[in-house]
Amino acid sequence: MLKILTAEQIRALDAHTIMNEPITSVDLMERAGQAFVSWFCRHVDVVQTVGIICGTGNNGGDGLVIARLLLTYNYKVKVWIVRGESKESTDFTANLNRIATKHLVNEISNEQELSSSDFTDCHVLIDALFGTGLSRKVVGLQEAVIKKMNDTTAYKIAVDVPSGLQIDKPSIGTIFKADFTLTFQLPKLAFLLPENFQYVGNWQVVRIGLDKKFIETSDTKHFLLEKKDVKAILKPRNKFDHKGNNGKALLIAGSYGKMGAAILAARAAMRTGLGLLTTHVPSACLTIIQNSAPESMASVDGHEHYFTTTPSCEDIDAVGVGPGIGLHNETKRAFEKLLQQSKKPLVVDADAITLLANHPSLLLLLPPQSILTPHPGEFRRLVGDWANDFDRLEKQKNFSKQIGGIVVLKGAHTSITSPNGKVYFNSSGNPGMATAGSGDVLTGMIMSLLAQGYKPLDAAIVGVFLHGWAGDLAVRKMGEISLIASDIIDFIPPAYHDLR
Ligand SMILES: NC(=O)C1=CN([C@@H]2O[C@H](COP(=O)(O)OP(=O)(O)OC[C@H]3O[C@@H](n4cnc5c(N)ncnc54)[C@H](O)[C@@H]3O)[C@@H](O)[C@H]2O)[C@@H](O)CC1
Ligand SMILES: Nc1ncnc2c1ncn2[C@@H]1O[C@H](COP(=O)(O)OP(=O)(O)O)[C@@H](O)[C@H]1O
Ligand SMILES: [K+]
């Protein structure tokens, strides 16, 4: 699990590393520059002209290291130093002195020098204006520089952080629009929020050897999931296992015309390792579920077309409810009865979430540790609108606390919140999964894991990561455009295999 620290904690981490590790700050900057260049050389052709725009702080110092190293690799490099009111940092000055080819370094200290600076012949622009030291909105000359960079057609790469972006709070003003950000040591909270994609682009972490112990002891509520975290949670099968002890789940899903949701969730649940599944369906839909998910038993509703009669949950380890059930009054009443009789945590998705939003008194009936899996539209119905994505995250944490349960807010970096305020962001998955039914697959998977005895938070973590991982394997074969929800199910087996 990678910790996500604030800008202040990162400053303390840098300072602590320099104090306690056998490395000077200028050598640490060299390491950061080397890490960047090693990535860069693997991705950018040497025939490209590279423009590097540097501030005069340590981010600018990184830019100067990068310039010096890229020259040794025969890239055509141009450097611009943007002078503001702040003084040069010591390590910036040291690296400026190390550049032998001074004629490649241009200064921008006023509007005139800016207008005569031509970025347009650069194929790639590297932004090293500001990093984590940004302390206020960017204005004046620096703002004009960022706008000019943004206006070029060059491929844009940010060093550590796109200039102008606050990493731990909402940003205001002009921000560099990177196609790619290579960030040092740890992911940054702002990178995980959809509103910042336009600035951060795709991103990757490169390690530069900042103090591990300091990171371990740093206090944070935000984490990015890694494969090894999920691997550590996975339960093995035992030789004498039988279907009865691999979990019994009840899935309440589907209605007339929306049986796909039930089929996808049921098939995903079985592929995720469930022992026994009962799918509760409207009577007219019995044949459909029996034909399409033969591993599942069926429980038949009193109504032909939608969910109206609550099946018994006795002897059931986990219940998943919601995909495709619709919003009829009788469905609401049957859902209410389900909540009243449930003692174990439920997995609540889709229409069942909308029922909770439409009838907030139902929230009080949710068994503790239940898992809600809204997409942003469903989440908005539950909590109202948000001012920005940081606000959305606060609302998610508060809502988890309010219901005493787990909220899985779905998206490119699905966030999982628990009542104690901790947030786990997912790192698997891809845009090919933005397709009808992929959420139903996730519901089946999480329900399956919950029934198999995973603790609710673990079931959410494993389910979300495995779902994304299966999607990542599927996309290699199917491609982003053609991937469909059933493909995610087909790739659960190799995803499990990879994780083990
Ligand atoms: N030892 C370290 O501290 C390391 C730092 N590294 C780099 O250093 C960066 C952080 O460096 P710094 O702390 O020097 O910060 P920055 O380089 O981000 O910039 C800070 C400077 O800009 C000024 N400033 C802040 N906001 C401004 C604004 N809106 N308008 C105008 N001026 C503004 C500050 O007063 C300060 O002088 C990291 O992002 C990373 O790139 C790396 O070299 C790794 C090692
Ligand atoms: N751009 C994306 N990158 C990664 N995962 C995505 C992306 N878009 C959607 N997903 C995943 O696909 C699923 C979509 O769920 P949902 O919106 O409920 O779809 P549906 O209701 O059609 O089943 C979620 O698990 C989400 O995290
Ligand atoms: K930068």
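User: In this predicted model, how far apart do the end C-alpha atoms of residues 226-499 lie?
Analyst: Residues 226-499 are 46% helix and 12% strand.

User: Which feature does UniProt place at residues 226-499?
Analyst: The UniProt entry is unreviewed, and its annotations may be inferred rather than shown by experiment. For residues 226-499 the record gives the feature "domain: YjeF C-terminal".

User: How far apart do the C-alpha centres of domain 1 and domain 2 lie?
Analyst: The domain assignment divides the protein chain into domain 1 (2-220) and domain 2 (227-499). Between the C-alpha centres of these two domains the distance is 41 Å.

User: How many residues of domain 1 are in contact with domain 2, and of which classes are they?
Analyst: A contact here requires C-beta atoms within 7 Å. By that criterion 6 residues of domain 1 touch 7 residues of domain 2. The domain 1 side of this contact consists of 4 nonpolar, no polar and 2 charged residues.

User: Which element gives the largest share of the shell around ligand 1?
Analyst: The shell around ligand 1 holds 31 residues, with Gly-57, Asn-58, Ser-86, Gly-131 and Gly-133 coming nearest. Elements that supply two or more residues are α1 (7-20), α2 (25-43) and α3 (58-72). The largest share, 5 residues, comes from α3.

User: How do the residues of the shell around ligand 1 divide by class?
Analyst: Gly is counted as polar in this scheme, and Gly-57, Gly-131 and Gly-133 are among the residues that come nearest to ligand 1. The shell divides into 11 nonpolar, 15 polar and 5 charged residues.

Note on methods
Residues numbered from 1 in each chain as written. Chains lettered and ligands numbered in written order. Predicted model: local features only at pLDDT ≥ 70, side-chain atom pairs only at ≥ 80, totals over all residues. Near = placed C-beta within 6 Å. Helix = DSSP H or I, 4+ residues; strand = E, 2+ residues; numbered from the N terminus. Domains from an automatic or database assignment. Contact = placed C-beta atoms within 7 Å.
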